[in-house]
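Visitor: Hi, could you walk me through a structure I have just opened? I'd like to start with the spaces inside.

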Amino acid sequence: MRPSPLLPLLAVLLLAACNDDPPPAGTGGEVKTPASTAPSSPTPDDAPADGGAEQSADEPLPPGETTPPGPAEPDAGLSFGHQPPGVLPAGQGAGYLDRTVWAPAMCWPLQEAGYPNSQVYGHGGGMGPGGGQCDGVNYALPWRDNFCEARSRANPLCGGSGTGHQGQDIRPATCKKNQHWAVAAEPGIVTDIGSYTVTLVGSAAPHRTYRYLHMQMAALAVKEGDSVVAGQKLGKVANDFGGAATTIHLHFEIRAGLAGVTTDGKPVTLNTFLPPYLSLAQAHQRKLNGGTCGS
Ligand SMILES: [Zn+2]
């Protein structure tokens, strides 16, 4: 037996260990952090040195598997022209690819066709290439994802600064305001009407929240507290922006009703802004296929 000679050393080591624990905020090693606090502290991993090209989004392949099934192309089966989800035109921000279809049965939120693309970086937008908002490019395929487009609004799913576009901008069927109806994405309750926002919370679990921005607020078809069915008219797409004007478009958001995780492992907490592009695309495809909503 070796008695006491080691004890002082051991004590010193233990003390040192205690002094180092816990590590100072921000330097702590691996993620012990509870999911709910993770989004507010972006890690250096969010700014990859390789420019962010194709990070490994999924687990390593099982050994020996030569033709792995992998995740299906998230936009497989879409018959209309569209850019892939998560892919933004150069100079418009990083975007964010999450393969989850967060609202798999929702209705396309417009009565007619629409053109998802950036109202800020497109023609007629504040960061756009010039021209007017009615430029034909804005009212044509392909669709373009603009979730996590470079914007100043907080959005924990967007890498780097944790800011970015919180939803999807959709131009209506034609460049005319106060004409094209926005409709309820699913049965729910109109819980709030702001100066340029209408909030709809789904009645069924997981009680997603949908926000519709920039409708013609003076002539909405609903009021706070109304119950609506899927596909019910809410208001007409316009450019209302709380006294100011924006371009004619519907800004459409889906917010989480339940905690979860994205396909690359980012935590989703209650009310997290979710990438709506794939849900919109599949809803639009169902409409093209002759599906009806809410009937
Ligand atoms: Zn928007």
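Visitor: How many cavities of 30 Å³ or more are there?

Guide: The count comes to one. On a 1 Å grid over the protein atoms alone, a cavity is a set of points where a 1.4 Å probe fits but cannot get out. This is a predicted model, where local features need pLDDT of at least 70, side-chain atom pairs count only at pLDDT 80 or more, and totals for chains, interfaces and linings use all residues. Residues are numbered from 1 along each chain as its sequence is written, and side-chain values use heavy atoms, with hydrogens and water left out.

Visitor: What volume does the largest cavity have, and which residues line the largest cavity?

Guide: Its volume is about 50 Å³, taken as the space filled by probe spheres set on the grid points, which are joined across faces, edges and corners. Lining residues have an atom within 4 Å of a point, and they include Tyr96, Asp98, Asp145 and Tyr277.

Visitor: Switching to the metal: which protein donors does the zinc ion have?

Guide: His165 (NE2), Asp169 (OD) and His251 (ND1) are its protein donors, at 2.0 to 2.1 Å. Donors are N, O and S atoms within 2.8 Å of the metal (3.2 Å for Na, K and Ca), and water is not among the atoms, so sites may look incomplete. Along the chain, the spacing reads H-x3-D-x81-H. Asp169 sits in strand β2 (residues 168-171) and His251 in strand β11 (residues 250-255), so this pair ties together parts 82 residues apart in sequence. Strands here are DSSP runs (E, at least two residues), numbered from the N terminus.

Visitor: Are Asp169 and His251 buried or exposed?

Guide: Both are buried, meaning under 20% relative accessible area with a 1.4 Å probe, protein chains only.

Visitor: What about the second largest pocket, what lies nearest its centre?

Guide: His251 turns up again there, along with Arg151, Arg153, His214 and Phe241. A pocket is an open set with protein on both sides within 12 Å along at least five of seven lines. This one has a volume of about 330 Å³ and 23 lining residues.

Visitor: Last one: where does Arg208 lie?

Guide: In the loop between β5 (197-202) and β6. Arg208 counts as buried because its relative accessibility is 13%. Its side chain makes a polar contact with the side chain of Glu186 at 2.8 Å; such a contact is a pair of N or O atoms within 3.5 Å, where within protein one must be able to donate a hydrogen and the other to accept it, and residues adjacent in sequence count only if both atoms are side-chain atoms.

How values were computed:
Helices (H or I, at least four residues) and strands (E, at least two) are DSSP runs, numbered from the N terminus. Buried means under 20% relative accessible area, exposed over 50%, partly exposed in between (1.4 Å probe, protein chains only).
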